[in-house]
Amino acid sequence: MDIDKANQTAAERMMESRPMLRGVAPAKDVIPGMDGRLLLHAGPPIAWDRMSGPLRGAIIGALIFEGLAKDDVSASALAASGEIRFEPCHHHGAAGPMAGVISASMMVYVLEDVTHDRKTFSNLNEGYGKVLRYGAYSDEVLQRLRWMNETLGPAIDAALAGTDGLDMRATIAEALHMGDEGHNRNKAGSLLFLRFLAPRVAAAKLPEATKTEILQFIGDNPLSILNPVMAACKAMTAAGHGVEGSTVVTTLARNGTDFGIRVSGLGDRWFTAPAAVPVGLYFPGFTEADANPDIGDSAITETAGIGGFAMATAPAIVTFVGGSPADAMNATLEMYEITVAEHKIFNMPPLDFRGTPTGIDIRKVVELGTTPRINTGIAHREPGVGQVGAGLVRPPMAIFEEALVAFAEKYGMAE
Amino acid sequence: MSVTLSQVRKGAYYDSVVLMQLQRALLALPGISDAGAVMATPVNLELLEASELRPGEQPGPDDLLIVVRADDQEAAQNALAQVDELLSRRRTAPQGTFRPKSLEAAVRQLPDAAWVLVSVPGRFAAGVAQEALRLGKNVFLYSDNVSVQDEVDLKRRAADLGRLIMGPDCGTAIIGGVGFGFANRVRRGPIGLVGASGTGLQAVTSSIDTLGSGISQAIGTGGRDLHTEIAAGTTLQAIDLLRRDPDTRVIVIVSKPPSPEVVGPVVAAAMATGKPTVVNLIGLPAGGHVRNLHFAATLEDAAALAVRLSEDPPTLEPAQVASGGRRFLRGLFSGGTLAYETVLRLQYVLQPLFSNVAIHPWQALTDPLRSQAHTVLDLGADTFTVGRLHPMMDNDLRVRRLRQEAEDPETSVILLDLVLGEGAHPDPASELAPAIRQAGGHGIQTVVAVIGTESDPQTLAEQVATLERSGATVKIGLEAALETVVAALPLEARSIPVEVPLSVLDETPATINVGLEGFAESLAAQNAHVVHVDWRPPAGGDERLMGILARMKGTQG
């Protein structure tokens with residue numbers, strides 16, 4: 001068996017994936033297996049009793065949003081009752097930032113990988129502040145969600161309807177040239193998104209005030225494009241998954257309690273261990289004591305070769321990695337050591353347009369003792385408070401070692 | 001009672017990470033209990049409100065808002081006064097170049113590197129060297145405690161790939177003017193060396209420098225390269241490299257006592273270079289020279305001889321190259337000691353060589369009546385003289401064997417001795433002449449070593465004249481005859497399966513250093529491009545995981 005060759009195949013498939021943002025639709029209409037009693041969440045599988053604060057808060061918010069509960073007490077009781085199923089977004093072709101909770105009637109972005117004929121999904125981004133993805137479920141939060149569902153989502157869908165869709169791979173590549181790394185910094189990409197949507201929204205048959213509201217919302221949110229980027233990365237990594245004999249990581253995800261990975265050549269098995277608290281910078285009034293362990297599917301960006309792996313191209317946020325551009329450069333150079341390819345489409349001007357490090361190889365991670373670096377937002381440990389900072393996190397080494405041993409056992413290399 | 005002070009800067013945009021950093025710096029100042037530095041967006045103002053830092057004034061979203069809470073007014077004012085300095089403070093982290101942890105990353109950083117220096121602990125060394133080969137690199141393997149089997153595997157793979165493994169346990173080398181490991185600083189010059197590489201190479205290179213000459217290359221092979229198992233894998237490649245290296249005009253080969261069966265191929269390769277070559281293999285009979293080979297007794301002799309040869313190069317007839325056909329010597333001696341001396345002198349030069357007076361077991365002739373490859377026969381041995389006179393008196397046996405060899409299509413040169421004196425045959429030359437003439441008819445050259453004096457009853461001059469008329473080349477004494485024989489024999493066509501590209505010897509090579517950091521510093525001091533690998537034991541030294549990784553790489557099991 002040629003592991004290197006299998007890994008090249010997995011990386012090629014990831015890079016050849018071309019996800020087009022096609023539209024916005026209710027989750028229950030487009031996500032396979034979605035129903036009214038199912039809630040999707042970020043990270044590896046987890047039961048209610050082990051969920052962290054932010055994830056519980058988001059679950060409560062989603063149940064109220066769906067009309068299945070009237071307040072947090074009844075929502076918690078319902079969630080604990082066993083009548084609601086919880087499954088990872090990753091089991092349904094989706095990826096969601098932070099808590100990543102998607103319920104049946106929530107509007108989701110629909111992407112189509114035209115190379116591999118696969119659909120992937122993500123929810124709509126609510127912006128900063130008190131938001132569901134950080135476990136907030138106040139009336140204000142739910143009101144915004146309803147507006148997004150009823151006004152924003154359909155407007156974006158209508159804007160996309162007359163087009164071939166937005167080529168997410170090309171958009172990410174362009175944003176990388178504009179100082180985004182695609183995970184913690186999506187300012188440029190979000191403006192590119194706005195540029196695409198603005199004329200189409202302007203031409204729509206909607207009240208002027210609604211158009212203004214929509215464009216204002218998208219333009220004000222430097223994370224507008226994060227969710228489509230994550231769904232695009234999900235399409236790419238899904239394309240690289242399931243290559244026999246490949247040691248490339250195709251999922252890195254956290255649910256606020258556990259960090260989980262999946263490996264291309266190891267089927268749908270998760271390898272999990274307790275998630276760490278990110279090391280980072282905190283918003284005014286918050287410290288590490290307020291932080292929840294790492295949460296969210298957004299590490300799908302690093303899995304696809306951007307985010308923390310593309311730090312060299314995002315000098316504006318070098319503070320996360322030590323403060324100097326050289327540190328950012330070294331962050332990317334370090335990731336070349338544990339990856340199998342340099343991206344053909346995503347490249348970085350500061351590294352002389354070298355392709356981003358793509359395709360994490362569990363062999364290299366274990367051999368060198370170097371885990372992937374993930375740029376991430378930091379959630380407050382209590383539901384409803386929101387984001388308290390941003391920083392850097394690394395997955396526990398144990399899950400890579402466990403995956404390596406499992407790989408050796410599956411492919412007869414254990415002894 | 002704490003004091004909260006704020007400052008607004010209209011339209012001053014800063015990225016949030018810069019502001020978070022500012023905030024952290026403010027918090028670190030004396031007397032500051034809390035701080036906030038934000039663009040005054042509604043969301044941020046709310047955040048400040050939550051920590052009771054929101055000021056009374058109402059800045060806009062494009063404004064920078066800085067708030068500090070301090071123990072007293074002075075501390076708060078002092079903190080706000082430092083904002084500009086804190087904002088403009090640059091980290092003084094050195095623009096340090098990236099230090100890769102893996103060889104692979106180092107190669108990507110310095111793709112032109114031809115050499116990888118490996119000085120990690122022995123149990124990891126073979127793995128690193130294998131990785132270097134996989135990446136197409138040549139290896140200077142300083143590490144010791146590498147198993148023989150690992151060395152065999154490494155050198156076989158290197159031979160297949162046309163790559164060089166200097167080592168293991170290779171302490172020194174000089175490549176393209178750059179010293180690896182413990183090299184002495186010696187001037188450049190025309191003399192190229194191959195050696196086990198330790199003090200031997202250092203002694204010879206230093207002597208050469210002292211004598212005013214210099215070094216083109218000094219290639220280390222590792223202490224076991226001339227052992228039977230390793231079979232001179234690196235030495236043969238190194239000799240072939242020096243053959244092709246235009247900067248090398250004289251070659252020196254130095255080694256600790258070699259395994260006897262390995263010497264032959266080494267000497268043959270040295271002969272094939274056609275360049276004056278000084279051979280100093282400890283334990284090998286020293287002195288004299290055959291063709292381009294000069295045997296030296298000591299390391300200093302080797303240096304002196306090399307310098308002399310480089311200053312006054314002897315002219316060498318280019319050797320013919322044989323592949324099949326007439327290429328072997330057949331020595332038919334009447335004198336046992338002369339036969340033995342011939343085996344002793346030629347055993348490493350002519351390979352394979354068989355004899356009924358074998359020095360090593362593998363030289364024993366299967367059937368004394370039939371020659372194989374190079375054969376040296378003592379026809380005075382008991383097996384031949386049963387029931388007949390000694391060949392010094394009766395030429396019949398030699399003449400018959402001479403005719404037999406003349407009819408052998410593989411015979412190239414026949415060597416005879418002709419021992420004159422009291423009691424010997426009265427005119428041996430005349431008896432041998434017809435058979436010599438017959439051999440000459442087949443294109444076989446006969447060389448005769450005559451032992452005798454002008455006073456001998458057979459008359460030396462007449463014997464010589466008779467032999468020369470038959471077409472033989474006649475030399476007085478064995479030494480001169482042997483030299484003629486070696487010069488007359490065609491060289492065996494020899495080739496390295498895959499040539500090591502000459503570019504490995506390029507001037508000031510780029511290198512990757514794995515292990516002792518001092519080696520990297522030394523290379524940098526010699527102006528060589530070097531990337532140092534921040535090496536650690538794979539998988540933190542976990543044996544089980546290391547085993548799995550090795551199996552997954554296909555380098556083990």
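**View 1. Strands S23 and S24 of chain B run side by side.** In this predicted model, strand S23 (residues 511-514) of chain B is joined to S24(B) by four bridges, and the two run parallel. Strands are DSSP runs of E with at least two residues, helices are runs of H or I with at least four, and both are numbered from the N terminus. Two strands count as paired if DSSP finds at least two bridges between them. Look for Val514(B), whose bridge partner in S24(B) is Val533(B).

Because the model is predicted, local features need pLDDT of at least 70 and side-chain atom pairs count only at pLDDT 80 or more, while totals for chains, interfaces and linings use all residues.

**View 2. A loop of chain B with a cis peptide bond.** Gly167(B) and Pro168(B) are joined by a cis peptide bond, with omega about 5°. Pro168(B) sits in the loop between S6 and strand S7 (172-175) of chain B. Asp169(B) also has its place in the loop between S6 and S7 of chain B, and this residue has a positive phi of about 60° although it is not a glycine. Most residues other than glycine have a negative phi, and most peptide bonds are trans. Asp169(B) is buried, with 20 other C-beta atoms within 10 Å; a residue is buried with 20 or more such atoms, exposed with 12 or fewer, and partly exposed in between, with C-beta atoms placed from the backbone.

View 3. Three strands form an open sheet in the order S1-S3-S2 (chain B), and their pairing is antiparallel. Strand S1 (3-9) and strand S2 (32-39) of chain B stand at the edges with a single partner strand each, so one side of each has no neighbour in the sheet. On average, neighbouring strands of this sheet are turned by 10° against each other, direction ignored. S2(B) and strand S3 (residues 64-70) of chain B are joined by seven bridges, and Met39(B) stands opposite Leu64(B) in S3(B). Helix H3 (residues 73-81) of chain B packs on the sheet, touching S1, S2 and S3 of chain B, and its direction makes about 150° with that of S3(B).

**View 4. Where chain B meets chain A.** Here 37 residues of chain B are in contact with 34 residues of chain A. Elements giving two or more residues to this side of chain B include helix H1 (16-27), helix H2 (42-50) and helix H19 (543-553) of chain B. H1(B) gives the largest share, six residues.

**View 5. Helix H1 of chain A and its surroundings.** The buried residues of H1(A) include Ile3(A), Asn7(A) and Met14(A). They pack against helix H9 (226-240), strand S12 (339-348) and strand S13 (354-360) of chain A together with H19 of chain B.

View 6. Strand S4 (residues 107-113) of chain A is mostly covered, with six of its seven residues buried. Seven bridges join strand S1 (residues 19-26) of chain A to S4(A) in an antiparallel run, with Gly23(A) opposite Val110(A). S4(A) also pairs with strand S5 (residues 118-123) of chain A in the antiparallel sense, over six bridges. S4(A) and S5(A) form a hairpin with four residues between them, and Asp117(A) in the turn has a positive phi of about 55°.

Notes: Residues numbered from 1 in each chain as written. Chains lettered and ligands numbered in written order. Axes fitted to C-alpha atoms, helices over the stretch in contact; angles between N-to-C directions. Contact = placed C-beta atoms within 7 Å.
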